[in-house]
Amino acid sequence: MNDIVIIRSGGDIASGIAHRLYKCGFKVIILEIQNPLLIRRSISFADSINKGKKEVEGVVAKHIKRYDEIDGIWKNREIPVIIDEDCTILNYIKPLAVVDAILAKKNTGTHIDMAPITIGVGPGFEAGVDVNLVVETNRGQTLGQVIHSGKAEENTGIPGNIIGYTTERVIKAPCDGVLTIKEDIGSMVNQGDIVCYVGNKPVKTVISGIVRGMIADKTNVFKGLKIADVDPRGKVEYCDIISDKARAVGGGVVEAIMHMKNRVWGDEL
């Protein structure tokens, strides 16, 4: 039985999906771009592109450069991560499923014929048109829900509420420039503290808490780009575990794949 799942993106939500699929016994492959802009680097498998390997909650991903390395990574019980923005891998490997977890708020090229099962994560996809199924990413009662007809909710532009804080948690670049980290992931900061610089401009947090996310040092950023995230709960251990949102969305993707595999095709795959 084909049990290969290709995930487009290795960011924090995609990594939550990959982790759940791996734990369920699927052979996962992560596709990324050359220089992914990761906020939650500590729980993103795509960070393996910078570090060679990345471990998230006991699961290890390894960056590779050739498709013929994939089997060896699987045999080592790891997840291969390869730079492949255009899904060229589909010319060589025929997966059971392709999951678009880029979270671009629009479809950047995934189509329903890429694999027997195609899943779009978040807004930008229509079930039965662009992909077979869609998984909801907006926080609330329907987070992680599998959508069989129609689309996910549109992006609200408002970050999730954590003990009363939404937009205050998110730090955006005040200008174009190179980011220099002052307080990295896991640092406790107080309201008004400088967490980084963009060029020579200091960037301050407006709330106190733990720096839970921060784009990598020396990254070129542009004005308005999300570059950091401060968690007001102040629990440093939350920096290194998959978020409730990523876990819920991951569960939705597992459900979507199992529904298509077992109820629609049965043993045909």
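Reader: What makes up the lining of the largest pocket, by class?

Author: The lining has 20 nonpolar, 13 polar and 15 charged residues. Ala, Val, Leu, Ile, Met, Phe, Trp, Tyr, Cys and Pro count as nonpolar, Asp, Glu, Lys and Arg as charged, and the others, Gly among them, as polar. This is a predicted model, in which local features need pLDDT of at least 70 and side-chain atom pairs pLDDT 80 or more, while totals for chains, interfaces and linings use all residues. Residues are numbered from 1 along each chain as its sequence is written, and side-chain values use heavy atoms, without hydrogens and water.

Reader: Which element gives the largest share of that lining?

Author: The largest share, 3 residues, comes from α1. Helices (H or I, at least four residues) and strands (E, at least two) are DSSP runs, numbered from the N terminus. At least two lining residues each come from α1 (12-23), β2 (27-32), β12 (170-172) and β19 (226-231).

Reader: Why is the pair of Tyr67 and Tyr92 called tilted?

Author: Rings of Phe, Tyr and Trp (its six-membered ring) pair if their centres lie within 6.5 Å; planes under 30 degrees apart count as stacked, over 60 as edge-to-face and the rest as tilted. The structure holds 1 aromatic pair. The ring centres of Tyr67 and Tyr92 are 5.1 Å apart and their planes stand at 40°, so this pair is tilted.

Reader: Why does Tyr67 count as partly exposed, and why is Tyr92 exposed?

Author: Buried means under 20% relative accessible area, exposed over 50%, partly exposed in between (1.4 Å probe, protein chains only). Tyr67 has 24% relative accessibility and therefore counts as partly exposed, whereas Tyr92, with 57%, is exposed.
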